[in-house]
Amino acid sequence: MTESFRRSGEYDYDDPQGPYSRSQGYSAPVNPEWPPPPAYEPAATPPLPAAGPEPEPGRRRARGSVALLAAVAIVAAAVGGATAYGFQELAGKNDVTATGTGTAVVPAGKKGNVAAIAAAVSPSVVEVNATLDNGSSTGSGVVISSTGEIVTNNHVIAGARSVKVRTSDGHSYTADVVGTDSSKDLALIKLEGASGLRAASLGSSGGVQVGDSVVAIGSPEGLTGTVTSGIVSALDRDVTVPTDESQAQGQGGDGSWPFQFGGRNFNGDTGSSTTTYKAIQTDASLNPGNSGGALIDAAGNIIGINSAMYSSSQQASSSSDAGSIGLGFAIPIDTVKSDLAKLRSGGRN
């Protein structure tokens, strides 16, 4: 690109035909203040001072263009980032189950840290106490909405005349049973008058692998907020549970219930009406009262609902004597999420 430069006042004279209307041989100065032309033709005409630094403005313009492009890129990135953030906020990026605000997962630098996981998730795990015709049952539950929707095991609340829930901060609520699904050993209960609860972040069980670190939180033997840790020791284990409500509580009414694993019965006879689901096996310590609690991955997301524990044959006759020997089972969270619509609709089976 070329540019022309003109001094202030250049060509300011009263010649209606312009500066180039004179003949080529005319040598009178255009302006009286200009010096007379030389008497001879110069050997070489040096470049005008204004033309000498021509590349420098060009370089300045090039740098200016680069700076402009960089500024545009930064602005575009800022606008794009803000737009993406706004979209995520509108879409509810942490609300996996569309039930309220999800709890914050542990920071990346704390991933796998049991203390950090416990601090982040414990407020989303509650103790569930059911009053039965023949006693009581104690289990656990996972908060999935800020208004008090809680997922637990069906066998924890089956046959209950009333249900009480205690949160990690010591508050007590009365709960109503919304829906049950005995075929998956799941139930949804709702707290009366609850608000501002911290909902858990429901992850995905589809990517869980054997060897993954996990944390279990629940209320074994009524000890609210107990935290244990371990690994996923197997996947897709067949666990068989009763669908008959009369069998759901097993013997002792302490949150354990009859189930079959490996062709053997535990905590009592499952009876003739049963269903089988695929479970995540873990060596995180589970005990009576952990049922309905959270199985959590290294990032703080819920990947399963703890539901059963393996007991030795000597302990199988009485659930009150049962203890963890390093084999527990959890219902995969993908199964739970796929069942939520049915539970919310008030289904009972």
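Mentor: Let's start with valine 151: beyond its neighbours within four places in sequence, valine 151 is in contact (heavy atoms within 4.5 Å) with Gly141, Val142, Ile144, Leu186, Ala187, Leu188, Gly292, Ile305, Val336 and Leu340. This is a predicted model, where local features need pLDDT of at least 70 and side-chain atom pairs count only at pLDDT 80 or more, while totals for chains, interfaces and linings use all residues. Residues are numbered from 1 along each chain as its sequence is written, and side-chain values use heavy atoms, with hydrogens and water left out.

Trainee: OK, and which residues of α4 are buried?

Mentor: Ile333, Val336, Asp339, Leu340 and Leu343. Buried means under 20% relative accessible area and exposed over 50%, with a 1.4 Å probe and protein chains only. Helices are DSSP runs (H or I, at least four residues), and strands are E runs of at least two, numbered from the N terminus.

Trainee: What covers them?

Mentor: The cover over the buried residues of α4 includes strands β3 (149-152), β5 (172-181), β6 (186-191), β13 (302-309) and β14 (328-332).

Trainee: And what's exposed on the other side of α4?

Mentor: Ser338 and Ala341.

Trainee: Back to Asp339. What does it touch?

Mentor: Asp181, Lys184 and Leu186, not counting residues up to four places away in sequence.
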